[in-house]
Amino acid sequence: IKDQKDKKITCIIVSGDKDMLQLVDDGQTEVYLLKKGISEYELYNEDAVKQRFGFGPEHIVDFKALMGDSSDNIPGIAGIGKKTATELIEKIGGVEKIYKNIKKLEAYNIKKSLIDKLKQGKKDALLSQRLAQIKINVKGIDFSLKDCVVSSYDSEEVKNMEELKKAINDKKIALGYFCDERECEDHIKNKTDGAKTLNMPL
């Protein structure tokens, strides 16, 4: 969808993963961030991201690169946490800009001890930045909006499939068993007329 900006389509990503916030792009991509299962959620556009983190979605990757994320095995820079990472991004910018100005950081009122941590952790910061970045330029994936249009369906066929599923769960059809139409009807006692020849093991 990101490749179809001219179509003026808004994509809403539903996820419990905060990493998805890096994809937020006003007018095109928003994120429904789930909090507790699906009962609580919050819709994030660019303004909502800025309000929560103090910077825009373009710096979500930098934020993780600096502070790390143990749940995703992203090391970050030793000794730098959420508060310090936020301060660096607000005062200077992203990882590239921080290291481009590494010799001038004192002019940004950055303490020498923090500058030393940044110098020592440069390798981890650059690695973490790559790990935190969601790839959106994967080749070989065909996408058509026409294929996503919801169409009508046969409600009776769906009902029959549900009945067949129940029959299987009731162990009326053995796992891995192939059957023809007559045998299936015998097994499920005519509960469904949708049990045609099964083409694969159940």
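I started with N73, which sits in the loop between α2 (60–67) and α3 (82–91). Helices here are DSSP runs of H or I with at least four residues, strands are runs of E with at least two, and both are numbered from the N terminus.

The model is predicted: local features need pLDDT of at least 70, side-chain atom pairs count only at pLDDT 80 or more, and totals for chains, interfaces and linings use all residues. Residues are numbered from 1 along each chain as its sequence is written, and side-chain values use heavy atoms, with hydrogens and water left out.

I looked up the backbone of N73 and found a positive phi of about 60°, although N73 is not a glycine. Most residues other than glycine have a negative phi. N73 counts as exposed because its relative accessibility is 66%; exposed means over 50% relative accessible area, buried under 20%, partly exposed in between (1.4 Å probe, protein chains only).

I then turned to N109, in the loop between α4 (95–100) and α5 (112–120). N109 is not a glycine, yet its phi is positive, at about 60°. Its relative accessible area is 63%, so N109 is exposed.

Of its 32 residues, L21, L66, I80, L88, L105 and L118 touch the most other members. At least two residues each come from β1 (11–15), β2 (29–36), α1 (46–53), α2, α3, α4 and α5. The largest share, 4 residues, is from α2.

Last, I listed the contacts (heavy atoms within 4.5 Å) of L66. Leaving out residues up to four places away in sequence, L66 touches G76, I77, I80, A85, L88, I89, V95, I98 and L118.

Definitions and conventions. Core = buried A, V, L, I, M, F, W, Y, C linked by side-chain atoms within 4.5 Å.
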